[in-house]
Amino acid sequence: MVLKIGLVGCGAIGLEIARAIDRGEVEAELVAVFDRNGDRARELLKGLRGKPRLLELEELVEGSDIVVEAASQRAVPEVARAALGRGRDLMIMSVGALLDPGLRRTVEELARDRGCRVYLPSGAISGLDGLKSAGAGRIDIVTLTTTKNPRGFAGAPYIEDRGIDLSAISKPTVIFEGPAEEAVSAFPANVNVAATLSLTARGARVRVRIVADPDIEVNIHEICAEGDFGRITTRVENVPSPRNPKTSRLAALSAIATLRSIVEPVKIGT
Ligand SMILES: NC(=O)c1ccc[n+]([C@@H]2O[C@H](COP(=O)([O-])OP(=O)(O)OC[C@H]3O[C@@H](n4cnc5c(N)ncnc54)[C@H](O)[C@@H]3O)[C@@H](O)[C@H]2O)c1
């Protein structure tokens, strides 16, 4: 049986996922897409050889085995309830939404009750395999330092609320320091990886530092984790997506790799 995928969100990540499935790089069928911006969905469909249908959320869920959310943190509650409520598996890219304890509980309970799986890809970071193993012991602290060109932070609530002039930043500048829960609300489109780290670290403190550097064109995520296992440090220099500078190309690739791992018989890594 070929896995039927329904895609919610036809932006930078959605497009890469759709193209990979269309090229046969994932043994699955993209059966339907949905985007609240119909033009985005139609544009995505135009470039594909296959013919997924453009459907509303409920119909998309009905015809899919797994629903892939690549839309926004705000979309997650509705998409999760629709998919899990109907017994469909779910992949979430806007992981920051799950730092809301109420939503996380709902997602976990629905998935357990209906026998569904929820997949959270590693996104734009490396090292989750080791952190996952470390979480079976004791993790004391995780720190994430995210450095991007200032334009990658445009539109973030933290920037808008404080009236920060990103174009005036002329040297590397720390613009935020705080816990992961605050970071994902302050920069919902930038540090979903903070939420993924937080969920992997199983309650350990995750501190986030956000740096705007006008002299770089890559999105850098540096992670340091300490616990009774020792210490892990990782650093990724990500190429930003050409369609969305807030999003790294590796995030879309991690979604594709997760879909592959669902359908392939051999699972590699923790
Ligand atoms: N986990 C990670 O590491 C990671 C990395 C990068 C991005 N992300 C997150 O993944 C999501 C997608 O990223 P992207 O770069 O493709 O974003 P994007 O802005 O390029 O595309 C998002 C698309 O979703 C649509 N959309 C938004 N809200 C919707 C809703 N409620 N219902 C249906 N469609 C909706 C938009 O119209 C847009 O076409 C974002 O939330 C982003 O923050 C996660």
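Predicted model: local features only at pLDDT ≥ 70, side-chain atom pairs only at ≥ 80, totals over all residues.
Buried area is the accessible area (1.4 Å probe) that two parts lose on being put together, summed over both. The size of an interface is often given in this way, as the accessible area lost when the parts come together. Residues are numbered from 1 along each chain as its sequence is written, and side-chain values use heavy atoms, with hydrogens and water left out.

The protein has 10 helices and 13 strands. These are DSSP runs numbered from the N terminus (helices: H or I, at least four residues; strands: E, at least two). The C-alpha trace spans about 50 × 45 × 30 Å along its principal axes.

An automatic or database assignment sets the domain bounds. Domain 1 covers 3-120 + 250-263, and domain 2 covers 128-238. Their C-alpha centres lie 24 Å apart. In the interface, 10 residues of domain 1 are in contact with 11 residues of domain 2 (contact: heavy atoms within 4.5 Å). The two domains bury about 790 Å² between them, 70% of it on carbon and sulfur atoms. Gln73, Val95 and Leu99 supply 60% of the area that domain 1 buries against domain 2, more than any other three residues.

Zero salt bridges were found across this interface. A salt bridge is a side-chain nitrogen of Lys or Arg within 4 Å of a carboxyl oxygen of Asp or Glu. The whole structure, in contrast, holds 14 salt bridges. One of them joins the side chains of Asp22 and Arg49 (4.0 Å, N to O). Asp22 lies in helix H1 (residues 12-22) and Arg49 in the loop between helix H2 (38-46) and strand S3 (53-54), so the pair ties together parts that are 27 residues apart in sequence.
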